[in-house]
Amino acid sequence: MTAHPALDLVDAVASQLADPNAAPLGPRVKSSNRQHLAYGPPGIALLHIELAANGLGPWQRAHDWLAAAACQPLTSGPDSHPFYGTPAFAHALACAADHLPGSYQCALNAMDRQVAVDASRRLDAAHRRIEAGRLPQLAEFDAIRGLTGYGAYLLRRATGSLATRAVLDYCVRLTEPITHHGETLPGWWTQTGPSGSPDDRFPGGHANNGMAHGIGGVLALLALAARNGTVTDGHHAALRTILAWLDRWQEETGSAPTWPYWVTRGELRGRLPSSEPRRPSWCYGTAGLARAQQLAALALSDTGRQIDAENALVAALTDPDQLKTTTDNGLCHGFAGLAHVAARAAADAHPSTVGQLRATIPTLLATVHPPGTDPELSAAALIQDEERGPGFLAGAAGIALALLAPTTAAPPRSTWDACLLIA
């Protein structure tokens, strides 16, 4: 069987990012983002870890990038989060350690303890906030900076532990309504804008639906935990609460259902939301939310909802109006990310939809790496892009990682995407 041409781009990116001391890295990687999973060495290490785990690259490259990330003390405590500092590095280290028995284990055990301690402190603060009747910040619970992200790590490293169950208990509690100034709001309602800062465009705040920063990530975590057999009190009820919320805000665009990125106070009080086409990305929009709903349906053994979610994903990945809002190739909100989500969803899909999901992938791959394109030139352009650079979430390393499962029809061996809560 001939290798997919997109794998040439993966090889070129990996080769040009082989050595952290020689790779053409921009300021985002060399600055304080050294500890950042999204932009820095930990995310680039994930590419080399996955390739090595598949026998497609040397482990030395992975080790060199891990060493580059850990060349100075890592941040822990309140200044760290799942994508920065000790938790971010621990995710990458765990991906490597799974395939190198005995390697990194002492350091990883220490990091596991630190992550559990930091999560516990955050949980204590979150429960105090709930008991005081205050609304949360996005960073309290989201997948990038908050407890959902900690839950993703703990579910993988300590399934069924007290620490994991404590995060799941919190997620269940987050789905309970909260009364604020006499008005009943979803428990995840925040007073800020989507950036996490006060925003005049969001008077009264908003409810964020996204996978990266909203209730979509909480839904995915609860679903993944249930599928792994880790269930806490109220677990299934919380899943159904979030699904009912998404059902309420589902929009019909003519070709398929979509979901808004967020719900404003005006919309909650009855104003119609905008129905303009939105980018169907992992971080926000239909692709990530469809995958989260598919996982929830699988956890609840709800075949009808599963098929509906899969059909929504197929439609999002074939709708010209939605696709033309996608303007880059990145993992977070670009075409490579869409291809990866499609591959992950297809692996779990119902027999009636699996073929349609797989059929969306070739066009997405061709968009990322058009036939006849020089992979070396494309890799260099991606790595040297001043805005996105070589990193994981929006840059070259993430694009290369996201191309592997769709081109090989095999799931990631290193579970690098556990931090995205899509598997």
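These are my notebook entries on a few places I looked up in a predicted model.

**Ground rules.** I number residues from 1 along each chain as its sequence is written, and my side-chain values use heavy atoms, with hydrogens and water left out. Because the model is predicted, local features need pLDDT of at least 70 and side-chain atom pairs count only at pLDDT 80 or more, while totals for chains, interfaces and linings use all residues. Helices (H or I, at least four residues) and strands (E, at least two) are DSSP runs, numbered from the N terminus.

**Entry on helix α5.** I began with α5 (86–97), where 12 of its 12 residues are buried, which means under 20% relative accessible area, whereas exposed means over 50% and partly exposed lies in between (1.4 Å probe, protein chains only). The buried residues include F89, H91 and C95, and among the elements that cover them I noted α3 (41–53), α4 (59–69), α6 and α8. I then checked the length: the expected span (1.5 Å times one less than the number of residues) is 16 Å for 12 residues, and the end C-alpha atoms of α5 are 16 Å apart, which agrees.

**Entry on two positive phi values.** Y104 lies in the loop between α5 and α6 (105–131), and although Y104 is not a glycine, its phi is positive, about 65°; its relative accessible area of 23% makes it partly exposed. H181, in the loop between β1 (178–180) and β2 (183–185), is also a residue other than glycine with a positive phi, near 50°, and H181 is exposed at 76%.

**Entry on α8 and α10.** I looked up how α8 (residues 147–157) and α10 (residues 215–227) meet, and found that their axes (lines fitted to C-alpha atoms over the stretch in contact, with angles from 0 to 180 degrees between N-to-C directions) come within 10 Å and cross at roughly 20°. The two helices are therefore roughly parallel, a term for angles under 35 degrees. Contact (heavy atoms within 4.5 Å) is made by T148, G151, A152 and L155 of α8 and by G217, V218, L221, L224 and A225 of α10.

**Entry on L295.** L295 sits in helix α13 (residues 286–300) and counts as buried, with 0% relative accessibility. Leaving aside neighbours within four places in sequence, I found L295 in contact with A223, L224, R227, D348, L421 and I422. The C-alpha atoms of L295 and A423 are separated by 8.3 Å, although these residues are 128 residues apart along the chain.

How values were computed. Parallel < 35°, antiparallel > 145°, perpendicular 65-115°, else oblique.
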